[in-house]
Amino acid sequence: MPTDHDYLLNNTRIATMATGFEPYGLINDGVIAVSNGKISWFGPASALPATYAGWNEQDIDGRLVTPGLIDCHTHIVFGGNRALEFEMRLNGASYEDIARAGGGIVSTVTSTRKAGLEALIKDALTRLDALISEGVTCVEVKSGYGLDHDTELTMLRAARALATKRNVTIKTSFLGAHAVPAEFKGRADAYIDDICIPTLKAAHAQGLVDAVDGFCEGIAFTPDQIERVFLVAQKLGIPVKLHAEQLSNLGGTQLAARFNALSADHVEYATDAGAQALAKAGSVAVILPGAFYTLHETQAPPIDSFRKHGVPMAIATDCNPGSSPLASILLTMNMACTLLGLTPEEALAGVTRNAASALGLADRGEIREGLRADLAIWDVQSPAELSYRIGFNSLHSRISGGVQ
């Protein structure tokens, strides 16, 4: 007998996003059966088993249903903002001018250290709500703006708390190796040894970290320094991911591949060899068009190489106060298509199936029996409309874990 938690979504067009079924895994005049927060059946209405007779039915009126969207790379927990720097740049200030005025990541670190747990939660909720309003059911949140023991842990606690405030899945990534704080200027190795690694161990002991990330770049940390952090993560049994090849090529994709990273992110300067390494490792390439746009980049990620070698491509907002103050997953999809040449189908896969892989989540990202019932219902005729429109939200409703 069906329970109060069992229901049918009838009269739907279903974009299952299942691999091997092109395009979009689309099913017309479909039905989705939801039971206890999971998808128990889906398919054409004509094939609905008799066992579902008597279930509560909801007529979706021909609307499109997709998996719930996933933002697999964000920094939504931080203090303050950098709008003044944005204005200064547009008025001709150089990077050095802004740095001398106390701007850049130093500004965000200062604000984040001062904010405290409750303020960080409150501010992050405004950004999280913007994502939820566009059909997002799962968000990855990084630390990395504390750069000291206590604030890094506070950021992770704030991220965990978001899932108690909203019906959304939050996955946390420890990004202690994000930048060298002012008090360790010129002593990156000491920062890794004295702050980053001990804080990672403490975060793991307190159950605050789902993955370990790092920023492998000339302005941040070398591959050797990141490797030391990854070796600790490996011993702790924590998966890794990496900000790699955003501004130059230091071999970050190769490093990520050696550790079978969940993902390598940004990857503008990745090479064909790097793409091959990611493919062999089963890692996802996470494309971040918001940072590409904000920083006026001209070096695009090697999309064709990723396609050629079968590297799954996810896309994400990279929502952060400096290089990507973007809290719209739908605009991110449009940017991925218009700026970087992804197809609308690749963009939708990038915020569903491939984004789930980038977080190591096997229970979502497609509409398939046995998976978590994270769904988004849209007032559109074609899935391509989700990437086509600019500044337009066609979400009708959202289901997270079966709950509407």
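Guide: Let us start with one word: contact means heavy atoms within 4.5 Å. By that rule S328 is in contact with L131, E134 and T317, leaving aside neighbours within four places in sequence. Keep in mind that this is a predicted model.

Visitor: Where is S328 placed?
Guide: S328 sits in the loop between β13 (313–315) and α12 (329–340).

Visitor: Why is S328 called buried?
Guide: Its relative accessible area is 16%. Buried means under 20%. So S328 counts as buried.

Visitor: What makes the link between S328 and E134 a polar contact?
Guide: Their side chains come together at 3.0 Å. The cut-off for such a pair of N or O atoms is within 3.5 Å. S328 also has a side-chain polar atom 3.0 Å from the backbone nitrogen of L331.

Visitor: On to charges. How many salt bridges does the structure hold?
Guide: The structure holds 19 salt bridges. One of them joins the side chains of R113 and D148.

Visitor: Why is the pair R113 and D148 called a salt bridge?
Guide: The N to O distance is 3.2 Å. The rule asks for within 4 Å, so the pair qualifies. R113 lies in helix α3 (residues 105–115), and D148 in the loop between β7 (136–142) and α5 (149–165). The two are 35 residues apart, and the pair links distant parts of the chain.

Visitor: Why is R113 called partly exposed?
Guide: R113 has 31% relative accessibility. Buried is under 20% and exposed is over 50%, with partly exposed in between. So R113 counts as partly exposed.

Visitor: What does R160 form with D210?
Guide: R160 and D210 form a salt bridge, their closest N and O atoms being 3.0 Å apart. R160 lies in helix α5 and D210 in the loop between α6 (188–205) and β9 (211–216), so the pair ties together parts 50 residues apart in sequence. R160 is partly exposed at 25%, and D210 is partly exposed at 23%.

Visitor: Which helix holds both D304 and R307?
Guide: Both lie in helix α11 (residues 303–309), three residues apart, about one turn of the helix.

Visitor: D304 or R307: how do you know which is exposed and which is partly exposed?
Guide: D304 has 56% relative accessibility. Exposed means over 50%, so D304 is exposed. R307 has 33%, so R307 is partly exposed.

Visitor: Which residues are linked in a network of salt bridges?
Guide: The network links D363, R364, R372 and D374.

Visitor: What does F306 touch?
Guide: Its partners include V267, A270, I287 and M313, not counting residues up to four places away in sequence.

Visitor: Which residues lie nearest the centre of the second largest pocket?
Guide: They are E345, E346, A349, R353 and N354, out of 19 lining residues. The pocket holds about 260 Å³ of space. α13 gives the most to its lining, with three residues.

Definitions and conventions
Residues numbered from 1 in each chain as written. Predicted model: local features only at pLDDT ≥ 70, side-chain atom pairs only at ≥ 80, totals over all residues. Heavy atoms only, no water. Helix = DSSP H or I, 4+ residues; strand = E, 2+ residues; numbered from the N terminus. Buried < 20%, exposed > 50% of the residue type's maximum accessible area, 1.4 Å probe, protein only. Polar contact = N/O pair within 3.5 Å; in protein donor to acceptor, adjacent residues only side chain to side chain. 1 Å grid on protein atoms, 1.4 Å probe; cavity = no way out; pocket = protein on both sides within 12 Å on 5 of 7 lines; lining within 4 Å. Points joined across faces, edges and corners; volume = space filled by probe spheres on them.
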